Amino acid sequence: AVGTSRPFSSTVFNMISLLSGAAVFRSTNNPNGIAALRAEADRLRHLADRGFLVPRVIEQTRDHLVLSDIGIGLNVAIQKSSVPQRRRLLEKATDNLAEVHRHKEYHGRSVIKDMTLHPDGRIGLIDLEHEPLRVMPLGDAQSRDIWLLFMSAARCQREDADLVIDLADRYMDRAPGAAVDALRSNMHVIDALNVPLLHAFRAIGLERTARGVVEMNHTLHRHLNG
């Protein structure tokens, strides 16, 4: 159990949420490491019961978990892949997230480094300690999930220009209407806040991908709300 207060980034995003009135920006990090660990173990068991690929809790104590291995990081798999292979992997991740959302569930921080590729080809979910439903409705939590996945995909757009638009169409065909409506609504706010978001992403160490994310936000907003 490690407390991760992240005071600067949490303050930045909570301030953006306050100024914009958009709950989707609220910090979902629990600075109490023991409570976050317990919440993650509960989420892992819950999602496993729902049939999703998550690590099995082998051992749980007050201050640590021992979890099973469910494959390599999806970010690693994507880095090693060709452009067509990357697209297929991101399509699988999008389909899996849509399925999670159809079951009225959420990931919480669905960037590709918090997903895995199992040897059998399935997409797994890891690092489930975030608790978005404490600070936002389910629709916002789900729209944030898919936005974070698209943020990860944005770095691949230079070689695959239509990637995020195609992933968005794929998600909308499979996801619940409430999540899609929340995504459309939140993209109005996100696109309008591209400049402060650029600074926020820089502040949490995403300088290299920040501009790609801003471009993705604008493209996605036009596609969803054009």
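Visitor: Is Ile 123 buried or exposed?
Guide: Here a residue is buried under 20% relative accessible area, exposed over 50% and partly exposed in between, with a 1.4 Å probe and protein chains only. Ile 123 has a relative accessibility of 6%, so this residue counts as buried.

Visitor: What kind of model is this?
Guide: Residues are numbered from 1 along each chain as its sequence is written, and side-chain values use heavy atoms, leaving out hydrogens and water. Local features need pLDDT of at least 70, side-chain atom pairs count only at pLDDT 80 or more, and totals for chains, interfaces and linings use all residues, since this is a predicted model.

Visitor: In which strand does Ile 123 lie?
Guide: Helices (H or I, at least four residues) and strands (E, at least two) are DSSP runs, numbered from the N terminus. Ile 123 and Ile 72 are 51 residues apart in sequence, with their C-alpha atoms 9.9 Å apart in space. The strand that holds Ile 123 is β5.

Visitor: How far does helix α6 reach from its first C-alpha to its last?
Guide: The expected span of a helix is 1.5 Å times one less than its number of residues. Helix α6 covers residues 163-174, twelve residues, and 16 Å is expected for it. The model comes close to that, with a reach of 17 Å.

Visitor: Within what arc do the buried residues of α6 fall?
Guide: Leu 163, Val 164, Leu 167, Ala 168 and Tyr 171 are the buried residues of α6. Seen down the axis, they line one face of the helix, because they fall within an arc (taken from the directions from the helix axis to the C-beta atoms) of 130 degrees.

Visitor: Which residue forms a salt bridge with Arg 170?
Guide: Side chains of opposite charge can pair when their charged atoms come close. The rule for a salt bridge is a side-chain nitrogen of Lys or Arg within 4 Å of a carboxyl oxygen of Asp or Glu. The closest N and O atoms of this pair are 3.9 Å apart, and the partner of Arg 170 is Glu 91.

Visitor: How many residues apart in sequence are the parts that Arg 170 and Glu 91 tie together?
Guide: Arg 170 counts as partly exposed, because its relative accessibility is 24%. Arg 170 lies in helix α6 and Glu 91 in helix α4 (residues 83-102), so the residue separation in sequence is 79.

Visitor: How many salt bridges does a search of the whole structure find?
Guide: Arg 109 takes part in one with Asp 114 (2.6 Å, N to O) and in another with Glu 129 (3.9 Å, N to O). These residues belong to a network of salt bridges that links Arg 109, Lys 113, Asp 114, Asp 127 and Glu 129. For the whole structure, the number of salt bridges is 16.

Visitor: Near what value is phi of Asp 127?
Guide: Asp 127 sits in the loop between β5 and α5, and it counts as partly exposed because its relative accessibility is 28%. Its phi is positive, in a residue other than glycine, and lies near 55 degrees.

Visitor: In which loop does Lys 104 lie?
Guide: Lys 104 has a positive phi near 60 degrees and is not a glycine. Its relative accessible area is 66%, so Lys 104 is exposed. Its place is the loop between α4 and β4.

Visitor: Are the rings of Phe 25 and Trp 147 stacked or edge-to-face?
Guide: Rings of Phe, Tyr and Trp (its six-membered ring) pair if their centres lie within 6.5 Å; planes under 30 degrees apart count as stacked, over 60 as edge-to-face and the rest as tilted. By this rule there is one aromatic pair. The centres of Phe 25 and Trp 147 are 6.4 Å apart and their planes are at 90 degrees, so the pair is edge-to-face.

Visitor: In which helix is Trp 147?
Guide: Phe 25 and Trp 147 are both buried. They stand 122 residues apart, with Phe 25 in the loop between α1 and α2 (33-49) and Trp 147 in helix α5.
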